[in-house]
Amino acid sequence: MNAKTITIYVDADACPVKAEIYRVAERYGVKVFVVSNSMMAIPRDPMIERVIVSDGFDAADDWIATRVSRGDVVVTADIPLASRCVKAGADAISPTGRAFTEASIGNTLATRNLMDELRSAGQITGGPRPFSPKDRSAFLSALDLAIVRLKRAGFAT
């Protein structure tokens, strides 16, 4: 029986943890798709593939969401994309290390939509807090944990 291979998909535009993803992927021998709508530098490594999509609305999200399934890990700060990926069976992790799960994604999406409405109405003018070293550390732990869990579940690297 050939086990499905673990793959990491990165919603790469504005992703602050690409270097960390490359390090973890190299350690485990995992394939990475770096998906963006513009050219960006990636390491010269056959396990890391750059995918440039059109600059159409949600083009990167659509490319990722139509390809993921159980055994894949998606790194994104985009909550609607995380929701689509979780529904497809993939693990989804934010760059701050927050794991999106079937149990949490509904509330997370509802909160995101409410905040979006409040921002649109001018009720909230601030954005998220700045990305911190603590976030980077939490992300590394979450990505490592996701890969270890998938390996224990029988997925290959």
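Predicted model: local features only at pLDDT ≥ 70, side-chain atom pairs only at ≥ 80, totals over all residues.
1. **Overall fold.** The protein chain holds five helices and six strands. Along the sequence, their pattern is β-α-β-β-α-β-α-β-β-α-α. The chain has 157 residues, and buried residues make up 41% of them.

2. Six strands form an open sheet. Their order is S3-S2-S1-S4-S5-S6, and the pairing is mixed. Which strands sit at the edges? They are strand S3 (48-52) and strand S6 (99-100), each of which pairs on one side only. In general, strands of a sheet pair through backbone hydrogen bonds, either parallel or antiparallel. Strand S5 (residues 91-93) and S6 take the antiparallel sense, over two bridges. Here Ile-93 stands opposite Ala-99 in S6.

3. **A helix across the sheet.** H5 lies across S1, S4 and S5. Relative to S5, H5 runs at about 170 degrees.

4. **The largest core.** The largest nonpolar core has 27 residues. Ile-8, Ile-21, Val-32, Val-34, Leu-143 and Ile-147 touch the most other members. Several elements each supply at least two residues: strand S1 (7-11), helix H1 (18-28), strand S2 (31-36), strand S4 (72-75) and helix H5 (133-152). H5 gives the most, with six residues.

5. **Ile-21 and a second core.** What does Ile-21 contact, leaving aside its neighbours within four places in sequence? Its partners are Ile-8, Val-10, Cys-15, Val-32, Val-75, Phe-139 and Leu-143. There is also a second, separate core of 15 residues. Val-51, Ala-59, Ala-60 and Val-68 are among its members.

6. **Tyr-9 and Phe-33.** The structure holds three aromatic pairs. One of them joins Tyr-9 and Phe-33. This pair is stacked, at 5.3 Å centre to centre and with 20 degrees between the planes. Tyr-9 lies in strand S1 and Phe-33 in strand S2, so the pair ties together parts that are 24 residues apart in sequence. Both residues are buried.

7. **Phe-33 and Trp-63.** Phe-33 also pairs with Trp-63. Why is this pair called tilted? The ring centres are 5.6 Å apart and the planes stand at 55 degrees, so the pair is tilted. It links distant parts of the chain, with Phe-33 in strand S2 and Trp-63 in helix H2 (residues 59-65), 30 residues apart. Phe-33 has 14% relative accessibility and therefore counts as buried. Trp-63, at 18%, counts as buried too.

8. Ring pairs link Tyr-9, Phe-33 and Trp-63 into a cluster.

9. **Val-10.** Val-10 lies in strand S1. Its relative accessibility is 1%, so Val-10 counts as buried. Not counting residues up to four places away in sequence, Val-10 touches Cys-15, Lys-18, Ile-21, Val-32, Phe-33, Val-34, Val-35, Ile-64 and Val-75. Val-10 and Ala-92 are 82 residues apart in sequence. In space, their C-alpha atoms are 10.0 Å apart.

10. **Asp-91.** Asp-91 is in strand S5. Asp-91 and Val-68 are 23 residues apart in sequence, and 9.2 Å apart from C-alpha to C-alpha.

11. **Ser-94.** Where does Ser-94 lie? It is in the loop between S5 and S6. At 6% relative accessibility, Ser-94 counts as buried. Leaving aside its neighbours within four places in sequence, Ser-94 is in contact with Thr-76, Phe-100 and Phe-139.

Definitions and conventions
Residues numbered from 1 in each chain as written. Heavy atoms only, no water. Core = buried A, V, L, I, M, F, W, Y, C linked by side-chain atoms within 4.5 Å. Buried < 20%, exposed > 50% of the residue type's maximum accessible area, 1.4 Å probe, protein only. Helix = DSSP H or I, 4+ residues; strand = E, 2+ residues; numbered from the N terminus. Contact = heavy atoms within 4.5 Å. Pairing = 2+ DSSP bridges. Axes fitted to C-alpha atoms, helices over the stretch in contact; angles between N-to-C directions. Phe/Tyr/Trp six-rings, centres within 6.5 Å; stacked < 30°, edge-to-face > 60°.
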